[in-house]
Amino acid sequence: KGVMVTHNAALNFVDWASTCFGIGQNDRLASLAPLSFDLSILDIFAAVQNGACVHMISTARTMFPTSLSRYIQEHAITIWYSVPAVLTRLASHGRLDKHSMTSLRHVLFAGETFPVAQLETLMQAVPDARFHNLYGPTETNVVSHFEIDRLEGDAIPIGRPCAGNIFAIVAEDGTVASGVATGELLVSGPSLMQGYCNLPYLTQARFVRLARTEGALAYRTGDRVRRDDNGVYYFLGRLDDMIKSRGVRIEPGEIESVLLRHPSVEEAIVLGRPDPDIGHRLAAIVVLERAVPDTELITHCRDFLPTYMVPSEILQNSTRLPRTATGKIDRLAARALLDGIPA
């Protein structure tokens, strides 16, 4: 589907990012995202707006983490923005002890969950850099921001609304929730797209008007979030990814976050395998930095999760998980890997 992002929406984000990250003419931004991916809006236009330098990083280079860390050192990159997968490989295999990355001022990531263990490694390797989690579907670009001062627990918040946008949470009963709440995230504000190109019915289905947003159009993200008592938001997963097992609705993202806390797990995805008796059995696919027994990973999950959320089977994949063109985990392709396992 074609997402119609307006010039004003893009400029709204660029203005905010330029101010938030203090981008100036002495900065050197690394651009890794395809130009069709919304991450590139910051790389290109925030640099142009402020007279900064853009370094175009080839896809081939991102496959070799030591090449990336060496490039950062040689070209004194100051601002980095990418999906977490690139940074996790950099943390695990980039030989950070051999290459200085002290030039980095800001490390930004968006698109999916960042494994806490690898993020901690990266933060220790570049202690003077500031780390930021940015959140937003393509339909809204970035609409929330969280600067990570220290790591606590296994969930990195997506933060609070930014760039003039407004959040609302719709609970399962269809009401707009206040205070501490969990439900679907709706976004209203200057970052919203115009709609989907030549798909008026889909546009109509995704936009609603809420009193909470003063009657302005709000976009239904399809993302399930939690808001804590400080007004900070946490991403829980996609509504359409939820798995029902033993009559309980389970967020696979919560299990994935726990798996990623294990020091040997680099990547993880949890999927449901249909089961006539319980609805679905939970199956995990993991990529490991070093080999560990499945039993160790299951025990690790039991330490942090209720029994009904512990995967019943684990597939150890020898290579990285399949990715989309924008670098996110491809759940459909991962499903094909899972279907190759004998039931």
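The structure is a predicted model in which local features need pLDDT of at least 70 and side-chain atom pairs count only at pLDDT 80 or more, while totals for chains, interfaces and linings use all residues. Residues are numbered from 1 along each chain as its sequence is written, and side-chain values use heavy atoms, with hydrogens and water left out.

A pair of aromatic rings is described by the distance of the centres and the angle of the planes. Rings of Phe, Tyr and Trp (its six-membered ring) were taken as paired if their centres lie within 6.5 Å, with planes under 30 degrees apart counted as stacked, over 60 as edge-to-face and the rest as tilted. On this basis, 6 aromatic pairs were found in a search of the whole structure. One of them joins Phe 109 and Phe 114 edge-to-face, at 4.8 Å centre to centre and with 70 degrees between the planes. Phe 109 is buried, its relative accessible area being 1%, and Phe 114 is buried with a value of 2% (buried means under 20% relative accessible area, exposed over 50%, partly exposed in between; 1.4 Å probe, protein chains only).

An edge-to-face pair is also formed by Phe 207 and Tyr 219, with 6.1 Å centre to centre and 65 degrees between the planes. Phe 207 belongs to strand β13 (residues 207-209) and Tyr 219 to strand β14 (residues 217-227), so the pair ties together parts that are 12 residues apart in sequence. Helices (H or I, at least four residues) and strands (E, at least two) are DSSP runs, numbered from the N terminus. Phe 207 is buried at a relative accessible area of 11%, as is Tyr 219 at 3%. Elsewhere, Phe 13, Trp 16 and Phe 21 are linked into a cluster by ring pairs.

A charge was placed over a ring if NZ of Lys or CZ of Arg is within 6 Å of the ring centre and within 35 degrees of the ring normal. Arg 226 lies over the face of Tyr 234 at 4.3 Å from the ring centre, and Arg 261 over that of Phe 304 at 4.0 Å.

An open sheet of 7 strands has the order β3-β2-β4-β5-β6-β7-β8, with mixed pairing; two strands pair if DSSP finds at least two bridges between them. β3 (53-56) and β8 (160-161) stand at the edges with a single partner strand each, so one side of each is left without a neighbour in the sheet. Strands β2 (residues 28-31) and β4 (residues 79-82) run parallel and are joined by 3 bridges. Ala 30 has Trp 80 as its bridge partner in β4.
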